[in-house]
Amino acid sequence: MSVIANGTRLDVSPDAKPDSSNSPAVSVVDLWKRFGATEAVCGISFEVAAGQVFGLLGPNGAGKTTTLECILGLRHPDRGSIRVNGWDLRTHSTQAKRMIGAQLQAATLQDKITPRQALSLFGSFYAQSFATDELLQRFDLEAKGDVPFAALSGGQRQRLFLALAMVNRPTLLVLDEPTAGLDPQARRGLHTLIREMRSEGRTVLLSTHDLGEAGQLCDGIGIIDHGRIVAAAPPAELIGRSRAPARLIVQTAPPLDAAVASALPEVIGASCGDRGWTLETRAPDRVLAELARRVSEAGAELLHVELNRPSLEDVFIELTGRPWSGEDLPEVR
Amino acid sequence: MTAPPEFNGWIRHFLLTIDLNFRSPQAIVYGYLVPVFFLVAFGSVFRADTPPLQAQMGQILTITILGGACFGLPTALVAERERGIWRRYRLLPVPTLWLVLSAMTARVLIVASAVLIQIAIARAVYGTPLPAEPGALMLAFLFVTGAFLGIGLLIAALADTVPAVQALGQCVFLPMIMIGGVGVPLAVLPVWAQRLAGFMPGRWSVEVLEPCFDGQNGLHAAGFRLGALAVIGLAAGASGTKLFRWEPGRLAPPARWWVTAALASWAAVGAVAWHTGRLKPVLFETGAWSNITEAEIAQIGFDGLPGDNDLVAPLAPPALDSAESRGFAAKLSLWPKGRLDDAGQSIRNLVGIAAVADLCADPRESEIARLVFRQLTSGFEPAVARQALAWIVLSPDDGQAITRAPELGLFRHPPERLVRQRSVIYAEKYLGRLLRKIPD
């Protein structure tokens, strides 16, 4: 995966035919979209290489869905260009759409339609599509193939929409908040599916405001805040860039003396709580080694040690200057 | 050779639309049961006609098509849009219009099935003859359905919600039912309503469907009507296509111009019809009076008529001659409604003057009645007058009934029902005199 800084333009002609072997799966350059007085997307640029899982991470209202909708052709950007497997969306939207599978937020179907009918209908618009029975089997809907949509459970509906997203054997799968409202079991199932997609060589572009999900699933993350990508990199690299200290939680018998705890080298903050001492440091390995030595010298015993390195939440706080909350921005539409 | 995927998808969507329609209780009620209700309502009134209901099949089928096209189509489209289904369709590699077209084509078949059911029920229950010109009926059906589907598409584009579809649909449906010649026959509507109906597609729909049943004219003289439906349908369809929304949201400001363009087509059709003389008053069974036979006239009895000096239906003596009466007679002889091309209706109007004067207790009531009789004897052939008076006696509810004539000094307007009843009495008095069965 590679990422371009905001504002950087790619030298691409909209009418040029794509070289799919070299083209990124998704290329978004300087994307702008306004709704009335609200700038929903302000010059977003990023690229997703083929076969990667890329997550747009941000609170509700940050501009994730609008960005995805522009990529799906549901919205016309005010400015900027979008290419899917090299096809420019403005001039070759049909070719681009043939390669995209998508699951939208708050999707629904006709009450009386059955999963078999829905898969058959949507698959019929593509030259290449999965057989309906194959999809029903893969998404564990065989027993519900002829049941009306209204009679499906929430999890079954979710699986049906994923099956619909896969119906055209897409090279790019776009999932907008795919785990929103799912129970833990269904969420795990979806995570497994996304990993399968990646192993099949498909590109997955998803939006989420779940930090854990983004960290677990994504090869790359773009953090969106107020319509701008404030950082983009693999999760480990983003965390590695963080200047937030690691937190060591230490419990000893007898309890560590306050003077000893605060005098440990490289410790920049120490506090005592119910679980023992919490030591903040940017060199946790050295602090841990020194702590073990001193505890041993004092004839004490280490009962519990826990190391919490910086997380994506810390990264978000550093980048935006405010605490993470998945619900804190007003909706733009 | 395999069909391109876009076409496969079109066929699948077309078939699915039909399938879902037949699995929706609401669609069955509005698409099939409500039209049957109208058929039964018409049947209860016109089942005694000869042949039964044949003259009303144009109206019945228009109601059926209106319901399917102006309610059924937009209700389905807007309900799917509200649920985000059209948003999902938008992701497909085909233009949205492609699927709209598929939904509309499916609707043509759905409406056609409802029309066939109506024809079959009318035949089975009331003995209504099958259409004399099925080919012409099919062509007329396509024009009518096309026009109403265009309007339905525009409603779908304008309405935000399903209740809004119902409201907008009623705005189109009710005027056409009430004063557009669809629910109430044109001939029994006042002239202003008949003319107004010329600005609505319902009238043209009825007038292209109806001749296909009696086999007299078919569509030979229906060029203007078919053209009117095509213009109205194309204007509404183009506006609906332009304004169609695949997701809920506000309409852009130019929407009002597209709606104006669609309505302008109604106005243009009406204006052309007016200027080309197509909006002349329509009479109920024009010429029916001329079919009255001498045998029918001979069977009319004149017993029990009120006396000429009674309170009801007074009639001044033949010797009446005064300056006032001469002045009124002059006005009556020039009164336009007594000089129509249709002599039968003219005579019904003249007799109606006597009835109105009597019902309003006009001081000149008996004199007016006498002057009307003079006008009948001087202004019409005796045979024509006999037939027309017999028609009034035998078919009191036919034709139009005037209820006031301010140009003749009769400003009050009694109920039409009473005018028709009193007209029968005067018609019997006049006819008896013409036949010399009542001494004058």
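Which residue stands opposite Ile223(A) in S10(A)? Please take me from there through the sheet around that pair and out to the rest of the structure.

Tutor: Bear in mind that this is a predicted model. As background, strands of a sheet pair through backbone hydrogen bonds, either parallel or antiparallel.

Now step back to the sheet itself. Six strands make up an open sheet in chain A, ordered S6-S7-S8-S3-S9-S10, and the pairing is mixed. At the edges stand strand S6 (100-103) and strand S10 (228-233) of chain A; each has a single partner strand, so one side of each has no neighbour in the sheet. On average, neighbouring strands here are turned by 15° against each other, ignoring direction.

Helices come next. Helix H11 (residues 312-320) of chain A packs on the sheet and touches S9 and S10 of chain A, its direction making about 135° with that of S10(A). Helix H5 (residues 154-166) of chain A lies across S6 and strand S7 (172-176) of chain A, and runs at about 165° to S6(A).

Chain A has another open sheet, with four strands in the order S2-S1-S4-S5 and antiparallel pairing. Its edges are strand S2 (38-48) and strand S5 (87-88) of chain A, each with a single partner strand, so again one side of each is left without a neighbour in the sheet. Inside this sheet, five bridges link strand S1 (residues 26-35) of chain A with strand S4 (residues 79-84) of chain A, and the two run antiparallel. Val28(A), for instance, has Ile82(A) as its bridge partner in S4(A). Helix H1 (residues 64-72) of chain A lies across S1, S2 and S4 of chain A, at about 115° to S1(A).

Zooming out to the whole chain, the secondary structure of chain A amounts to eleven helices and 14 strands. Of the 333 residues in chain A, 43% are buried. Take the contacts in chain A between residues at least 6 apart in sequence: 72% of them join residues at least 24 apart. The C-alpha atoms of chain A fill a box of roughly 75 × 50 × 40 Å along the principal axes. Chain A divides into domain 1 (26-239) and domain 2 (245-309), and the C-alpha centres of these two domains lie 44 Å apart.

Then there's the partner chain. The contact draws 21 residues from chain A and 21 residues from chain B. On the chain A side, helix H2 (93-99) and helix H3 (115-123) are the elements that give two or more residues. By class, that side of chain A has twelve nonpolar, six polar and three charged residues.

Helix H6 (residues 134-158) of chain B has 20 of its 25 residues buried, so it is largely enclosed by the rest of the structure. Helix H17 (residues 382-394) of chain B has buried residues too, among them Trp391(B) and Ile392(B). The buried residues of H17(B) pack against helix H13 (294-298), helix H15 (343-359), helix H16 (365-379) and helix H18 (416-434) of chain B.

Conventions: Residues are numbered from 1 along each chain as its sequence is written. Chains are lettered from A and ligands numbered from 1 in the order in which they are written. This is a predicted model: local features need pLDDT of at least 70, side-chain atom pairs count only at pLDDT 80 or more; totals for chains, interfaces and linings use all residues. Two residues are in contact if their C-beta atoms, placed from the backbone, lie within 7 Å. Ala, Val, Leu, Ile, Met, Phe, Trp, Tyr, Cys and Pro count as nonpolar, Asp, Glu, Lys and Arg as charged, and the others, Gly among them, as polar. Two strands pair if DSSP finds at least two bridges between them. Axes are lines fitted to C-alpha atoms, for helices over the stretch in contact, and angles run from 0 to 180 degrees between N-to-C directions. A residue is buried if 20 or more other C-beta atoms lie within 10 Å of its own, exposed if 12 or fewer, and partly exposed in between; C-beta atoms are placed from the backbone. Domain bounds come from an automatic or database domain assignment.
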